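Here is a friendly tour of a structure for you to follow on screen. Keep the viewer open as you read.

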There are 2 protein chains.
Amino acid sequence: MVTIDDVAKRAGLSKSTVSRVINDYPHVSIKKKEKVFEAMKELGYVPNSSARSLRNKKTQMIAVLIPRIMNPFFGQLAESMELQAAKHGYQLLICQTMYSKETELKHLELLKMKQVDGMILTSIENEWDVVKEYLSYGPMILCNEFEEEATIPTVKFDQVHGGYVATKHLIRQGHTKIAYCTGGQKSNVGQHRRRGFDLALEEFHLSFDERHGFYDAFSIEDGIRIFKQINQMPDPPTAVFTGSDEVAAGIITGAKEYGVKVPEALAVIGFDNQVITKLMDPKISTVEQPIPFLAKRAVEVMVDRIHHKGNDEEVYEYPLELIIRESTVSPIRAVE
Amino acid sequence: MVTIDDVAKRAGLSKSTVSRVINDYPHVSIKKKEKVFEAMKELGYVPNSSARSLRNKKTQMIAVLIPRIMNPFFGQLAESMELQAAKHGYQLLICQTMYSKETELKHLELLKMKQVDGMILTSIENEWDVVKEYLSYGPMILCNEFEEEATIPTVKFDQVHGGYVATKHLIRQGHTKIAYCTGGQKSNVGQHRRRGFDLALEEFHLSFDERHGFYDAFSIEDGIRIFKQINQMPDPPTAVFTGSDEVAAGIITGAKEYGVKVPEALAVIGFDNQVITKLMDPKISTVEQPIPFLAKRAVEVMVDRIHHKGNDEEVYEYPLELIIRESTVSPIRAVE
DNA sequence: GATATTTTTGAAACCGATTTCAAAAATGAC
DNA sequence: GTCATTTTTGAAATCGGTTTCAAAAATATC
């Protein structure tokens, strides 16, 4: 392995000088600088990153905690963040919690070990009181998920508004019995969406039938299962608000199997605006979350915090936009 | 920051002894061992990972090069690898090349810098002659993609067979004019699939019309575009072999738009067996690649190579399985 | 040309762990 | 209790960089 000492010897200089050249410090004569470059090239020298990290107390790595890569929302978030991090000279360490508290805690240790310069949390499995203990070990920010009482930078979507516009759209289509169907009702993201949902109902003086609440919906399979439950109800809902496009796709798939027409007999709205919304028949109405913007800002804020710029009270909120397609628009039922 | 010296001082011992306890070395009396554990706990000590890496010359990190996370095939591969790597005590550094030669080269430097203990290549953008130069800097293996002349461990699918069974299936359904529609014809994965495709045609004494070859198909949009091209042909194919489920989904979506019936007027077969195949109407016939097995073996081989176990000639090949659904099975056309 | 000032350079300390080597302590054999 | 052997322990070297500090060299000032 070629070390800085080898380069120094070859160039006939001290390693201090070589180090200065590597880091582009001033006070090195052009002659010697060239000698160093020549020696580096001849030997194919590249600085050892562990040694650099140890001395600089910076690893140039940022960890991002996501539930799992194959969740399209988090996958896209991770992809965008990786590209953005690279632009800032950082590696992104993608850590999957797989929805497990223990796994999340294990990943949080990375901050203690100084293996990463900072940590971006996109979901939280443990109680905030547990997670916040790690704040003293390095910069942490929230992205997507959030905590009311957390005093760390937060980059999020306006989930209340997202839940509100989606629900209002369903109501405007003439629906009064709307099912609510999401995963992780514990999360604040989920709670805010629910608040938006409730807000819309209130505005139109509608009430919610608790039997129409499903809080374990994550996947396509969950959507299919839930459709079956809905289909057996004596007084079924005529519309479903879902927390993800996958769940919406599942419900539509289930409906097709049982010959229930979407949107005529059952309107379904998704969330995220994943590609699948444009492929399903009918195309799925949904709420778009501008993920790349969120990712970009999150990485920027993280990099700032690593360099002690910005402050812990920063909160950035991005708007969500309703996208109307076919799965909610029934000519029979339309009010306006 | 709490260091091993702080722990040593607190326990009234030397850091050598503390280090022995941390690494569970023998020859430490039970009494002192307990003292060390107590001190570590009181101080909340965790070893600094950069320091460890520098001294051990091991970072416990493996890099995996993939084109991009949002490509479902590579996303699933990355997800499976991450979980498997964690089991072996390794972090997985997911590096997206975004199909760029330069980005790939930049990531390869990680091996030079000793930032990772090894590298798994799942796709190759540069010429192999360029890539192989990095072999001297650390262990590298191929997973999914492969190179005939490469002398490094390879974990792959039997793509020839995959292309063959899919094509044979189409032929058996009575098709004689089959379009071929993939991305990256440069890759060996693609070439082997094509070989399987050609093999099946030969077997049934069919010829291939070069106007039915599309080699720039990666995404759903590409599929839609290609359908339009096919639809305008004077003598169009009656079946399409595609390199991914997304492209197949795109073609089907395009066909729907133009009122062309799948599979009656156009049979379409996908590749990968992604969830989308079960959601589309018609459900997409496809070739399943057992990604988790591939990922598991790749990580195992990588870990072995890091510990100088195994050898560079290892090649593991996994079979691909045809999955027949609706997009290729037309009652009108069936031969058998 | 002597002196003051600035620029350039290298020796040595340092980052936080692991490992070697030799000394100290404990144990065993008689 | 003495000597040989084994176990336990710590001082110091090491990994490969960066940074400090002081000395050397170059330049400026008069």
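Is Phe227(B) buried or exposed? Phe227(B) is buried, because its relative accessible area is 1% (buried means under 20% relative accessible area, exposed over 50% and partly exposed in between, with a 1.4 Å probe and protein chains only).

## About the model

This is a predicted model, in which local features need pLDDT of at least 70 and side-chain atom pairs count only at pLDDT 80 or more, while totals for chains, interfaces and linings use all residues. Residues are numbered from 1 along each chain as its sequence is written, chains are lettered from A and ligands numbered from 1 in the order in which they are written, and side-chain values use heavy atoms, with hydrogens and water left out.

## Where the chains meet

Chain A brings 47 residues into contact with 47 residues of chain B (contact means heavy atoms within 4.5 Å). About 4,000 Å² is buried between the two chains, and carbon and sulfur atoms give 61% of it; buried area is the accessible area, with a 1.4 Å probe, that two parts lose on being put together, summed over both. On the chain A side, Met70(A), Glu79(A) and Leu279(A) lose the most area to chain B, together 16% of what that side buries.

Two salt bridges are found across this interface (a side-chain nitrogen of Lys or Arg within 4 Å of a carboxyl oxygen of Asp or Glu). Arg68(A) forms a salt bridge with Glu79(B), with the closest N and O atoms 2.4 Å apart. Helix H5 (72–87) of chain A is among the elements that give two or more residues to the side touching chain B, and H5(A) supplies the largest share, seven residues. Helices (H or I, at least four residues) and strands (E, at least two) are DSSP runs, numbered from the N terminus.

## Aromatic pairs

Over all chains there are 20 aromatic pairs, counted when ring centres of Phe, Tyr and Trp (its six-membered ring) lie within 6.5 Å, with planes under 30 degrees apart stacked, over 60 edge-to-face and the rest tilted. Tyr180(A) and Phe241(A) are stacked, because their ring centres are 5.1 Å apart and their planes are at 10°. Tyr180(A) sits in strand S6 and Phe241(A) in strand S8, 61 residues apart. Both Tyr180(A) and Phe241(A) are buried.

Back to Phe227(B): its ring and that of Tyr258(B) have centres 5.9 Å apart and planes at 50°, so this pair is tilted. Tyr258(B) is partly exposed, at 44% relative accessibility.
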